[in-house]
Amino acid sequence: MTAIKHALQRDIFTPNDERLLSIVNVCKAGKKKRNCFLCATVTTERPVQVNVVKVKKSDKGDFYKRQTAWALRDLAVVDAKDAVKESPEFDLHFDKVYKWVASSTVEKNTFISCIWKLNQRYLRKKIDFINVSSQLLEESVPSGENQSVAGGDEEAVDEYQELNAREEQDIEIMMEGCEYAIANAEAFAEKLSRELQVLDGANIQSIMASEKQVNILMRLLDEALKEVDQIELKLSSYEEMLQSVKEQMDQISESNHLIHLSNTNNVKLLSEIEFLVNHMDLAKGHIKALQEGDLTSSRGIEACTNAADALLQCMNVALRPGHDMLHAVKQQQQRFSDLREQFARRLASHLNSVFVQQGHDQSSTLAQHSAELTLPNHHPFHRDLLRYAKLMEWLKNTDYGKYEGLTKNYMDYLSRLYEREIKDFFEVAKIKMTGTTREGKKFATLPRKESAVKQETESLHGSSGKLTGSTSSLNKLSVQSSGNRRSQSSSLLDMGNMSASDLDVADRTKFDKIFEQVLSELEPLCLAEQDFISKFFKLQQHQSTSGATMNEVEEVDGVALSRSYTSGVPQTVSSEKDMIRQMMTKIFRCIEPELNNLIALGDKIDSFNSLYMLVKMSHHVWTAQNVDPASFLSTTLGNVLVTVKRNFDKCISNQMKQMDEVKISKKSKVGILPFVAEFEEFAALAESIFKNAERRGDLDKAYIKLIRAVFDSVEKVANESQKTPRDVVMMENFHHIFATLSRLKISCLEAEKKEAKQKYTDHLQSYVIYSLGQPLEKLNHFFEGVEARVAQGIREEEVSYQLAFNKQELRKVIKEYPGKEVKKGLDNLYKKVDKHLCEEENLLQVVWHSMQDEFIRQYKHFEGLIARCYPGSGITMEFTIQDILDYCSSIAQSH
């Protein structure tokens with residue numbers, strides 16, 4: 001440890017003028033054993049600095065390097081961990097707590113003792129020593145005269161001063177001159193004293209010799225003071241001369257400042273005048289255009305527009321402070337105000353006259369559209385008015401009152417004009433739908449009765465309660481055969497009640513085209529007018545990029561309607577969009593009621609029309625919402641779509657109601673029920689209408705409701721049928737339903753198709769078993785007895801020994817069923833089945849083939865019992881399976 005201490009002193013601390021007092025070998029607690037040294041050092045120069053230095057061995061060699069140093073004054077606590085038990089661990093509390101483990105307890109105690117001494121000597125006991133043995137501290141305290149000894153080393157260091165090089169050289173010369181100094185110190189000291197006296201005398205003589213020089217120096221100083229006084233007099237005269245020059249220069253400077261200030265003011269005044277002249281002077285040409293400009297020609301409108309813009313710039317110029325107090329400025333502003341008022345009044349008057357004139361021109365062309373299903377084109381009217389769009393913007397910015405007046409006049413006039421056009425347009429549409437003229441006369445080519453058509457055109461309100469054109473047709477319709485049902489349908493037509501199967505397909509196609517044409521004419525009309533209003537009245541039609549449109553979807557009667565609202569858009573943009581909707585609502589206020597009346601008429605003509613209307617209206621609503629969800633057209637068509645959807649739902653509900661109220665005939669066979677055939681017609685028509693339609697979901701929901709109602713009604717009719725067996729009603733109608741669903745391939749009804757097939761199969765089997773029964777009744781009873789004996793435990797080959805079931809009895813029973821009797825029985829069965837089944841569904845051969853298979857199954861069962869119970873008897877039936885096949889085939893061919 002001593003060698004390390006000397007090495008550290010030599011290599012690290014001596015170059016830094018420090019002295020190493022104590023050293024301890026430590027490592028950090030709880031970490032890898034990476035040893036280092038904590039050193040207590042003091043500086044050799046005053047004031048003395050005491051440090052605790054961490055020294056670490058370098059990784060690259062065998063030398064040590066200084067890593068960290070802490071001033072002893074920053075040490076707050078020394079914690080020895082345990083005052084009784086020896087432990088190498090201790091903590092030093094500087095800016096944070098440093099935990100150390102010494103290589104030995106002795107080194108730790110020595111280091112802590114040194115720290116305590118340094119604290120006593122230099123720091124006035126500022127450090128707290130905890131968990132340190134009191135005996136250790138007592139041993140460290142020096143007492144009495146030993147104190148000086150304990151600290152003598154340090155004091156000696158403090159009092160010792162090293163000789164410099166010159167002092168060493170002088171001592172060496174003196175020692176060489178006095179060789180005996182070492183042997184006789186007293187003689188040497190006496191010699192030095194004599195030499196010192198000689199030097200003192202020489203110094204006194206030198207001072208006395210220099211007195212003359214001092215007197216000469218004093219005289220020179222007196223002469224210099226006189227020269228200084230003369231120079232000061234000259235400087236005073238020069239200062240008086242410069243003072244007059246300064247006063248003259250000040251006067252000149254003040255004059256220049258006034259000239260500069262005057263020039264600056266003139267420049268500023270010129271700038272203000274130029275500003276007012278450039279920004280508040282309106283050209284004579286602009287004034288003339290505002291007062292007398294031609295507002296009918298394109299060139300005159302352009303001149304007036306430029307003049308109005310120039311006037312607006314002059315009126316909106318940002319005046320500088322104080323300008324508004326100038327009389328000329330006030331006069332000019334009043335002049336501008338008068339020009340603005342005059343031109344605004346002239347512009348508003350002219351535009352009102354243009355509205356009226358354009359209206360007259362539009363009314364003159366209205367007559368040519370009276371007989372056609374087209375709406376007049378307002379494009380020329382819009383094109384002529386759009387020339388005034390910039391002037392309308394100017395009027396909006398300068399005189400909002402007149403702008404509002406023009407807006408109101410435009411809405412009032414256009415609403416009356418559009419109302420006439422749209423009512424005439426819808427009147428033509430109704431005429432084309434019903435086939436009547438304006439006087440109410442019937443076109444001769446249409447197949448419907450005049451009374452029915454007249455009733456449809458006179459009343460456009462009322463519910464549509466029919467699947468087939470009449471709410472009471474199914475109530476009065478009885479279940480009947482195909483031929484009887486056709487005759488009854490014709491009789492119903494004679495009474496004015498039309499079934500869906502008898503409606504003219506051309507009429508439905510015509511209605512679809514008319515309704516589509518109505519919507520196709522209305523849509524561009526509304527969009528063109530909305531676009532014109534936005535451009536002409538300078539309203540914000542589309543949302544700015546500073547905001548985001550949020551769409552809410554509201555469902556009314558199953559119809560999803562889009563409602564939009566604006567988030568983060570300036571209030572002016574939102575209010576302008578609202579103004580567009582309000583103007584459109586007032587101008588086209590008659591569209592929605594007219595559309596509702598047209599829809600009511602179409603529904604009264606034929607409730608199937610609600611399918612066409614739902615598809616067409618949904619498509620147009622979808623298109624309008626993609627263009628602008630918040631537009632008038634989108635909102636209006638959405639409201640009308642709700643009405644169409646309600647009519648569609650009402651149509652479905654009425655069909656289901658008619659199924660519940662259907663009555664069956666007690667005297668005729670049922671056959672295919674009318675509502676089953678009508679569902680087929682409805683589904684076929686709906687599939688053709690809703691192909692690739694947006695509202696397919698509504699149809700699927702209606703399908704589910706209808707098919708369930710059809711199933712329930714078929715069950716109900718089958719249970720109430722008296723003429724036709726229940727199984728026949730179920731079998732034929734579910735077969736028809738299965739065939740319909742298989743042909744149409746309606747994906748949402750796959751489960752119902754499987755159910756219909758299952759019901760058909762089950763009731764076919766049930767009918768076959770019930771109708772066929774036991775054609776060989778006595779033989780069947782005989783073998784039932786045989787099976788009963790076997791069931792009681794008698795062996796099959798021993799049954800023939802039973803008296804009632806011996807071979808003789810079996811032969812007797814078999815003889816009662818010769819082939820001729822069997823064929824006769826089958827023939828009667830065929831006639832019975834033929835009476836039950838209807839010709840429309842053509843299931844006779846299917847049922848007959850199933851009966852044939854069932855009869856053959858019974859035959860094989862009897863043969864098996866004979867073979868097992870009467871082995872070797874040679875008893876056989878009077879007819880064979882081939883005979884049965886021949887009988888069935890000949891019977892089927894004969895009928």
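# Briefing: helices, packing and local details

Helices H24 and H25 are roughly antiparallel to each other; angles over 145 degrees count as roughly antiparallel, under 35 as roughly parallel, 65 to 115 as roughly perpendicular and the rest as oblique. The structure is a predicted model, in which local features need pLDDT of at least 70 and side-chain atom pairs count only at pLDDT 80 or more, while totals for chains, interfaces and linings use all residues. Residues are numbered from 1 along each chain as its sequence is written, and side-chain values use heavy atoms, with hydrogens and water left out.

**The chain as a whole**

- The chain has 31 helices and 10 strands; helices (H or I, at least four residues) and strands (E, at least two) are DSSP runs, numbered from the N terminus.
- Of its 895 residues, 42% count as buried, where buried means under 20% relative accessible area, exposed over 50%, and partly exposed in between (1.4 Å probe, protein chains only).
- Among contacts between residues at least 6 apart in sequence, 70% join residues at least 24 apart; a contact means heavy atoms within 4.5 Å.

**H24 and H25**

- Two packed helices are described by the angle between their axes and the distance between the axes.
- The axes of H24 (residues 696–720) and H25 (residues 726–744) come within 8 Å and cross at roughly 160°. Axes are lines fitted to C-alpha atoms, for helices over the stretch in contact, and angles run from 0 to 180 degrees between N-to-C directions.
- The crossing of H24 and H25 is right-handed: a crossing is right-handed if the near helix is turned clockwise from the far one by less than a right angle, and left-handed if anticlockwise.
- On the H24 side, the contact is made by Ile707, Val710, Phe711, Val714, Glu715, Ala718 and Asn719, which meet Arg726, Val729, Met730, Asn733, Phe734 and Ile737 in H25.
- By class, this contact of H24 with H25 has 9 nonpolar, 2 polar and 2 charged residues. Ala, Val, Leu, Ile, Met, Phe, Trp, Tyr, Cys and Pro count as nonpolar, Asp, Glu, Lys and Arg as charged, and the others, Gly among them, as polar.

**H21 and H22**

- H21 (residues 609–627) and H22 (residues 632–660) pack at an angle of about 155°, with their axes 9 Å apart. This makes H21 roughly antiparallel to H22.
- The crossing of H21 and H22 is left-handed.
- The contact of H21 with H22 divides into 13 nonpolar, 7 polar and 1 charged residues.

- The 15 residues of H20 (residues 591–605) should span 21 Å at 1.5 Å a residue, and the end C-alpha atoms are 21 Å apart, which agrees. The expected span of a helix is 1.5 Å times one less than its number of residues.
- H20 is mostly covered, with 11 of its 15 residues buried; among them are Ile591, Glu594, Leu598 and Asp603.
- H27 (residues 777–791) has 15 residues and reaches 21 Å from its first C-alpha to its last, close to the 21 Å expected at 1.5 Å a residue.
- In H27 the buried residues are Leu779, Asn780, Phe782, Phe783, Gly785 and Val786, and these pack against helix H28 (807–815) and helix H30 (844–869).
- After H27 comes glycine 793, whose phi is positive, near 115°.

**Glutamate 680**

- Glutamate 680 is found in helix H23 (residues 674–689), and is partly exposed, with a relative accessible area of 21%.
- Glutamate 680 and threonine 740 are 60 residues apart in sequence and 6.2 Å apart in space, C-alpha to C-alpha.
- Apart from neighbours within four places in sequence, glutamate 680 is in contact with His736, Thr740 and Arg743.

**Backbone details in loops**

- Arginine 46 and proline 47 are joined by a cis peptide bond, with omega about -5°. Proline 47 is in the loop between strand S2 (36–43) and strand S3 (50–57).
- Lysine 81 has a positive phi near 75° in a residue other than glycine. This lysine 81 lies in the loop between strand S5 (77–79) and strand S6 (89–93), and is partly exposed at a relative accessible area of 32%.
- Lysine 745 has a positive phi of about 55° although it is not a glycine. The loop that holds lysine 745 runs between H25 and helix H26 (750–772), and at 66% relative accessibility lysine 745 counts as exposed.
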